[in-house]
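These are my notes from going through the structure.

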Amino acid sequence: MEIQTKKFAVLIDADNSSINAIPSVLEEVAKYGIASVKRVYGDWSSETLKNWREVLLPHAITPVQQFAYTKGKDATDMILIIDAMDLLYAGALDGFCIVSSDSDFTPLASRIRENGLSVYGFGKKSTPEAFKKACDKFIYVENLLQDNELKNTEEDLINSPIKEVIENTKVSEPKPSVQIKENTITEIIDKPTLNLIYKAVKDNADDSGWAYLGLVGGYINAVKSDFDTRNYGHEKLSGLVKALGVFETKLVGSQMFLRKRSFSTFIRLVQKAINQNANESEWVELSIIIQNLENSDLNIRNYEEAIESINSEWLDFKIEKSKKFIKIKRLIA
């Protein structure tokens, strides 16, 4: 599958944009293509813009200086529009991303679209309707910030698969019957990069949650230019994805697809395997269940620990003649 990557100019109006939203905006832009041009416009001699330096260098954004020649007049808008028209006529881009909540950019968005290029707007919910309607797509920065907060509080991104089993069972909060000795995910990969992979899968997934690995890789590289799977001990992204153990994978021809593994699905697979193999008393040897799950290619590090960590209200265990047996107490809701 050949990926056609579009090139965008990201033009930021510093006077009418939230500095905290810029990282999330750039991640959102990566869903649509590469930010070939990244410029932010403002009067950098002003104290009100002094904190912008915190996002300029990490994200390679070029600051464009524009002094306010007259009080009450926004000279920043004019220089941004002039730059946009220069870039438009250069003909090297596929679209523009205008980051502002100012309706003054409405004519600019309309003009760009008349030339057949896409325009994505990023601004507050209070942005005037005229500017929002002039864009092909308008994204509220409040939504991006909210998504980022949720992402940062998802503990399942930094915990082992075993803990994710427990946290996804809402009936109670039992502790694992054995301590995990395997490496946790964060010993394989840093949290920000893991979060980025999760977001890349989510934003490129179909209705069933499957995302093409090529698109995921393109998204990651667009957001994190120094991303290299070799930094994590793997030659290819496919190897890293499998090593993390938190994604399901499948091959369609020679193309790999992946999606975030649902551990509620894992629990249901355990119950299905028990139902299919249990004797008349409803007990089945644990090793048989593990064998069934291994054949399903779930890529879980330790199946026995994962099964024993499932809520005790759902499964029952016993040992007879040095062998472990398991049966269903109650089906998962």
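I started with Lys 318, which is partly exposed at 25% relative accessibility. The model is a predicted one. I found the side chain of Lys 318 in a salt bridge with that of Glu 320, at 2.9 Å from N to O. Glu 320 is partly exposed too, with a relative accessible area of 40%. I also noted a network in which salt bridges with shared partners join Glu 129, Lys 132 and Lys 133.

I then checked how many salt bridges the structure holds, and the total is ten. One of them pairs Asp 83 with Arg 39, and their closest N and O atoms are 3.2 Å apart. I looked up where the two residues sit: Asp 83 is in helix H3 (residues 75-90) and Arg 39 is in strand S2 (residues 33-42). The pair therefore ties together parts that are 44 residues apart in sequence. For accessibility I have Asp 83 as buried, with a relative accessible area of 14%, and Arg 39 as partly exposed, with 24%.

Next I took Asp 203 and Lys 199, whose side chains form a salt bridge at 2.8 Å, N to O. I placed both in helix H8 (residues 191-203), where they are four residues apart and so separated by about one helical turn. An α-helix has 3.6 residues a turn, so residues three or four places apart point the same way. Lys 199 has a relative accessible area of 18% and is buried, while Asp 203 has 22% and counts as partly exposed. The cut-off for buried is under 20%, which is why I list the two separately.

Is helix H1 enclosed or open? I counted seven of the eight residues of H1 (residues 22-29) as buried, so the helix is largely enclosed by the rest of the structure. Glu 27 and Glu 28 are among the buried residues, as are Ile 22 and Leu 26.

I looked at Glu 142 in helix H6 (residues 141-152). Glu 142 is partly exposed, with a relative accessible area of 29%. Leaving out residues up to four places away in sequence, I found that Glu 142 touches Gly 123, Lys 124 and Lys 125. I also noted a separation of 9.7 Å between the C-alpha atoms of Glu 142 and Ser 18, which are 124 residues apart along the chain.

Last, I went to strands S8 (residues 247-252) and S9 (residues 255-260), which run antiparallel and are joined by six bridges. I traced Glu 248 to its bridge partner in S9, Arg 259. The hairpin has two residues between the strands, and Gly 253 takes a positive phi near 70° there.

Methods:
Residues are numbered from 1 along each chain as its sequence is written. This is a predicted model: local features need pLDDT of at least 70, side-chain atom pairs count only at pLDDT 80 or more; totals for chains, interfaces and linings use all residues. Side-chain values use heavy atoms; hydrogens and water are left out. Two strands pair if DSSP finds at least two bridges between them. Buried means under 20% relative accessible area, exposed over 50%, partly exposed in between (1.4 Å probe, protein chains only). Contact means heavy atoms within 4.5 Å. A salt bridge is a side-chain nitrogen of Lys or Arg within 4 Å of a carboxyl oxygen of Asp or Glu.
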